Each structure stands twice: as C-alpha cells, then as structure tokens.
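I opened this notebook to record what I looked up in a single chain.

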Amino acid sequence: MAKYTIGVDFGTLSGRALLVNAQTGEELADATLEYPHAVMDEALPCGKKLAPDWALEHPQDYLDVFAYTIPEVLKKSGVSAEDVIGVGIDFTACTLLPVKADGTPLCFLEQYKENPHAYIKLWKHHAAQDKANRLNEIAAERGEDWLARYGGKISSEWMFPKIWQTLEEAPEVYEEADFFIEAADWVIWQLTGVQTRNSCTAGYKAMWHKQKGYPSKEFFKALDPRLENVVEDKLNCPISSLGSKAGEICEKAAALTGLKTGTAVAVANVDAHVTVPAVKITEPGKILAIMGTSTCHILLGTEEHTVPGMCGVVEDGVYPGFFGYEAGQSCVGDHFAWFVENCCPPEYYKAAEAEGLNIHQYLTKKAEQYKVGESGLLALDWWNGNRSVLVDVDLTGMMLGMTLQTKPEEIYRALIEATAYGTRKIIETFTANGVPVNEFYASGGISQKNPMAMQIYADILKLPIRIGGTTQGPALGSAIFGAVAAGKDAGGYDTVFDAAKVMGKLRDTVYTPIPENAAVYDKLYAEYSTLHDYFGRGDNDVMKRLKEIKKQQSN
C-alpha cells in the first residue's frame with residue numbers, strides 16, 4: 001500500500017502544505033494559506049506604529065497554516081491520515097521569537113501584546129543593524145576565528161543582533177523570555193510537544209559550529225555584560241542534525257491537523273537549504289538559486305573555505321558529509337512587485353487585462369522585444385539592502401540611464417538584469433575562493449513562470465540553467481525529509497540521498513547562453529561591477545547618508 005509524506009513550507013507571506021507519494025514522488029495535493037496578519041512592517045495589530053526597518057510576524061498565523069493546509073491536502077487527495085508516515089517543515093530564517101518555557105510566545109500574553117519585541121522578528125527585520133555593526137567590530141577587534149566562516153560580516157537578519165536589540169530596547173521582554181527560538185524550531189515544537197534546535201539555522205544564523213559550538217562567553221560579554229550567558233540562559237537546547245527525527249505528532253497537534261499521533265516529524269530546515277534534494281542535487285559544483293521574494297543560493301563543497309560576503313559555511317548544513325555554502329540576495333521578487341505596485345501606469349493594467357494577462361506577464365511580453373542593452377538602463381539590485389557579497393542592509397537601489405523616453409517595460413527588464421548581475425557577482429566570488437561552480441539550478445516561482453528572466457540569467461551567468469520540476473520546491477524538500485524521518489521500514493528512506501533520487505524532480509527545459517547576448521551582457525556587467533564597488537565598498541556612501549537623513553526626518 002502506498003505511503004505518503006507532507007511537507008509544509010512557511011514563506012514570507014504564506015504557508016503551504018504539499019502531500020507527496022513517498023514511493024514515486026508524485027504530488028497529490030497542495031494547499032496555501034495567506035498569513036492573516038501578513039508582514040507587520042508599519043504597525044502592530046493594536047495599531048501601534050513601528051519604526052523604519054522593522055518587519056514582524058504573528059505566530060498564530062503559523063498555527064493557522066497547520067490547521068488549514070494539512071486537513072485540506074488530506075481532503076483534496078483522499079489520502080487517509082493512517083497512510084501519512086512523515087511530516088517535514090521548512091522556514092525562512094532567521095525568523096526569531098521569544099517564548100516561555102512551555103513554548104508560549106510572549107505576544108500571546110496580554111501584558112506584551114503592545115510590545116513589538118514580543119513578536120516574531122522576520123528574516124528581513126533590519127532594525128538591529130546597529131547591533132550587527134557593533135558585533136562585527138568587536139568580533140574583528142577580538143580576532144574571532146568564526147567570523148571568516150560568514151564572509152567577515154554578520155547580518156542584522158541573524159539571531160544575535162535581534163536578541164541584542166531586544167535586550168537593549170526591551171529588557172523586560174528579554175528577561176521574561178525563557179528561550180529565543182527560530183520559528184522553524186517553534187512550529188516543530190508545536191507538532192511534537194518537544195523543543196529541538198536544527199543544525200541548519202544554528203549554523204547559518206547563530207554562528208554555531210559542529211566542532212566548536214557557539215562563540216565564547218567572553219565574546220558575548222564583550223558585546224554586553226548581560227549577554228555573557230545568553231547561550232546557556234536563552235538557547236539551552238541540544239542541536240539536532242538535518243535528516244534526523246525530531247519527534248512524533250502529539251495529541252494536541254493531531255487535533256489541530258488531523259494527523260495521527262505517532263506520525264514521524266523531521267527536524268526543522270530552512271526553505272532554501274531544504275530545496276536542494278527537491279531538484280536532485282546530491283554532489284558539489286551545482287549551485288541552486290531559490291528565487292522568490294528574495295533569492296538564496298546554496299552550494300555543496302567537500303572542503304571548508306572562507307568566502308568574502310557569503311552567508312556561511314556549515315558542515316552537514318545541507319547534506320551529511322558535505323560543507324554547505326550559502327549566499328543570498330535580499331530583493332528579487334520583492335523588486336518586481338515593488339515596481340508593478342508603485343511605478344506601473346493604469347493603462348498597462350488595463351491593457352494586460354484586455355489580453356488576459358497579469359501585469360508581470362504583460363510587462364515581460366513587452367520587455368522581451370528589446371535587444372540586450374537597447375534600453376540604455378542599468379540598475380543596482382539593492383532595494384532591500386545587499387546580503388551577498390557586501391552584507392550591508394543600508395545599501396539602497398539605483399537606476400541609471402533613464403530619459404524622458406524610458407518606458408515601464410525597460411525598467412522592469414533592467415531590474416531583472418540587475419538581479420542576474422548580483423547572482424553573477426556571488427558565483428564569481430565563490431569560484432575565486434576555492435569553491436567551484438559548474439552548473440546552475442533554479443527553483444521557485446520566477447524560474448517556473450518567466451522564461452525571459454531565466455534566459456537573461458543564462459546569458460549573464462554564461463551557464464546553462466536547469467529548472468526544478470515542481471512549483472513547490474521547499475515543500476517537496478520538506479516532504480523528502482519527512483520520508484527520511486519515517487525511515488525505510490515505515491515506507492520512507494534511510495538517507496536523504498536515496499529519497500532525493502526518487503522524490504526529487506527536474507524539468508526537461510534547459511536554458512543555454514546565447515553567445516551574442518552574453519557578449520553584450522559582459523560589457524553591461526563590467527559597468528554594474530564598477531557601480532557595485534563605488535557605492536557598495538565605501539567610495540561613495542551617499543546611500544547611507546540619505547538613509548540617515550530619512551531616519552532623522554521620520555522621528
């Protein structure tokens with residue numbers, strides 16, 4: 001009899017569940033829930049205003065995802081919960097919340113509902129940048145050896161700047177919290193009744209090392225004496241490796257989801273990293289770009305190298321036996337969404353509707369008529385800061401070359417090209433530092449929906465591009481890990497490598513570089529690199545000065 005697994009993918013704006021046949025990889029049903037509270041970047045639910053660079057979420061939304069999507073995929077597929085052998089989840093990271101000893105989020109408590117620090121700080125919460133800057137300075141001054149593993153800089157998006165911000169601005173929340181925990185681990189806690197911490201988020205977002213552990217007490221004391229025992233006081237839980245079993249569905253979770261008690265639950269994972277087996281990557285040299293609101297790049301290596309501006313290198317951070325490298329771009333899908341929401345004239349929407357197209361399809365149709373370089377435009381892809389290789393959230397976007405004749409579709413295409421230039425910068429940095437890249441794989445909505453964008457990427461990167469065979473890459477990857485948590489005897493698999501070979505998927509489509517396009521893009525990329533270094537490496541900090549003026553005038 002067939003056995004099934006469920007992968008639940010928690011994204012920035014929604015959560016989705018996918019039910020998969022563990023023996024064939026067939027996807028039987030999926031369901032999505034948009035987060036009722038969405039991203040809170042302007043105000044709390046009570047109406048209290050938030051300062052610039054804040055990005056919060058509400059943990060109730062994640063419970064709602066479980067309560068709606070899992071019963072829905074069981075209903076749609078007709079599969080009995082008795083035949084579901086495993087569940088896996090993935091999450092954005094670092095997405096952090098303060099909780100009590102029993103897992104209750106502080107924002108659930110009446111006395112903290114109006115305190116923004118009691119809520120979840122989303123991955124793209126940048127209001128802790130001053131803490132990240134100071135952390136980096138102190139780490140460099142002390143010669144902390146772990147700093148090189150993260151490209152020489154820790155981002156404000158990571159765990160300890162967010163914890164430090166809470167301590168500094170809301171010490172009562174810091175004291176009240178028994179734990180600070182990744183949302184990925186928190187939702188597993190809700191399913192199993194047992195707290196676990198996964199090696200992926202610990203390694204990439206909390207400076208944990210498999211051999212050496214977290215940074216020393218002395219380092220945290222140098223940040224702030226009150227942080228000396230932060231690991232023992234607020235993170236006190238063993239680290240579990242990817243591919244292992246976190247626990248089983250508890251009675252409370254069974255009532256919430258409709259799953260049977262005792263169903264295996266995999267240790268939590270990150271949305272990008274979990275997608276690697278979903279596209280059948282099981283060896284080094286193949287970089288995967290998970291393209292959504294942001295893009296995360298994952299690459300396997302056989303040795304540990306330091307790469308400037310990477311987000312981290314973690315032993316067993318993706319697969320056991322390999323070093324997993326991560327880099328990223330903070331603004332990709334968000335880039336294009338910003339443009340259509342703020343800069344696209346009404347007549348374009350009307351024309352798109354008349355042709356039965358959405359606005360992105362319509363802009364793409366018009367943009368693909370242009371030759372490479374014909375618009376005369378060049379953009380920097382920093383609308384939400386730069387994650388790699390500059391690791392600087394205070395950088396901002398730029399468009400160069402506009403005239404009175406510039407059309408919306410030209411700007412739209414230039415924004416797509418900018419994200420591809422940013423990806424090329426990442427690949428070149430890996431290659432120059434001993435981590436080769438031979439093949440490029442893409443997953444996520446953009447790779448599935450926009451052939452023009454993928455051809456642009458192939459031409460700029462000068463690499464063939466293979467596309468994941470599912471529209472739900474992270475959810476499929478989570479389902480794969482759910483099958484491994486269940487184990488072979490239950491109808492799953494004993495290793496993620498075995499599961500990936502059967503359950504992973506690739507499309508037949510391969511985008512190959514067009515030589516004449518690549519030649520022109522080389523010229524444009526040279527100009528991008530000049531601007532990249534000029535505005536991003538300190539020659540001209542005008543972006544930061546403008547941002548500081550904005551901050552002062554917003555108070």
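The entries below follow the order in which I consulted the model.

**Entry 1. Overall form**

I note at the outset that this is a predicted model. I began with the secondary structure and found 19 helices and 22 strands in the chain. I then took the extent of the C-alpha trace, which spans about 65 × 60 × 50 Å along its principal axes. I next asked how the radius of gyration stands against that of a compact globule. For 555 residues a compact globule would have a value near 24 Å, and the chain has 23 Å, so the two agree.

**Entry 2. Helix α12 against α13**

I looked up the packing of helix α12 (residues 359-367) on helix α13 (residues 408-432). Their axes lie 9 Å apart, at an angle of about 95 degrees. Angles of 65 to 115 degrees count as roughly perpendicular, and α12 is therefore roughly perpendicular to α13. From α12, the contact draws on H360, L363, T364, K366 and A367. From α13, I listed P408, E409, Y412 and R413. By class, the residues of this contact are four nonpolar, two polar and three charged.

**Entry 3. Helix α10 against α12**

I turned to helix α10 (residues 333-342), whose axis comes within 11 Å of that of α12 and crosses the α12 axis at roughly 95 degrees. These two helices are therefore roughly perpendicular to each other as well. On the α10 side I recorded F336, A337, F339 and V340, which meet I359, H360 and L363 in α12. I sorted the residues of this contact into six nonpolar, one polar and no charged.

I examined the second largest pocket, which holds about 260 Å³ of space. Which residues lie closest to its centre? I found L63, D102, W186, Q190 and K252, out of 15 residues that line this pocket. Three helices, α1 (59-77), α5 (183-192) and α9 (251-257), each supply at least two residues of the lining. I classed the lining of this pocket as eight nonpolar, five polar and two charged residues.

**Entry 5**

I listed its lining as M159, E182, D185, R197, N198, T201, A202, A206, Y214 and L235. Strand β9 (197-198) and helix α6 (199-205) each contribute at least two residues to that lining. The lining of the largest cavity comprises five nonpolar, two polar and three charged residues.

**Entry 4. Backbone particulars**

I checked the peptide bonds and noted that the bond from A93 to C94 is cis, with omega near 0 degrees. I placed C94 in the loop between β5 (84-91) and β6 (96-99). The bond from S388 to V389 is also cis, with omega near 10 degrees. V389 belongs to the loop between β18 (378-380) and β19 (398-400).

I then asked where D316 is found. I located D316 in the loop between β16 (312-315) and β17 (323-329). D316 is not a glycine, yet I recorded a positive phi of about 60 degrees for this residue.

Technical notes
Residues are numbered from 1 along each chain as its sequence is written. This is a predicted model: local features need pLDDT of at least 70, side-chain atom pairs count only at pLDDT 80 or more; totals for chains, interfaces and linings use all residues. Side-chain values use heavy atoms; hydrogens and water are left out. Axes are lines fitted to C-alpha atoms, for helices over the stretch in contact, and angles run from 0 to 180 degrees between N-to-C directions. Helices (H or I, at least four residues) and strands (E, at least two) are DSSP runs, numbered from the N terminus. Angles under 35 degrees count as roughly parallel, over 145 as roughly antiparallel, 65 to 115 as roughly perpendicular and the rest as oblique. Contact means heavy atoms within 4.5 Å. Ala, Val, Leu, Ile, Met, Phe, Trp, Tyr, Cys and Pro count as nonpolar, Asp, Glu, Lys and Arg as charged, and the others, Gly among them, as polar. On a 1 Å grid over the protein atoms alone, a cavity is a set of points where a 1.4 Å probe fits but cannot get out, and a pocket is an open set with protein on both sides within 12 Å along at least five of seven lines; lining residues have an atom within 4 Å of a point. Grid points are joined across faces, edges and corners, and a volume is the space filled by probe spheres set on the points. The radius of gyration is taken over C-alpha atoms; the globule rule is 2.2 Å times the number of residues to the power 0.38.
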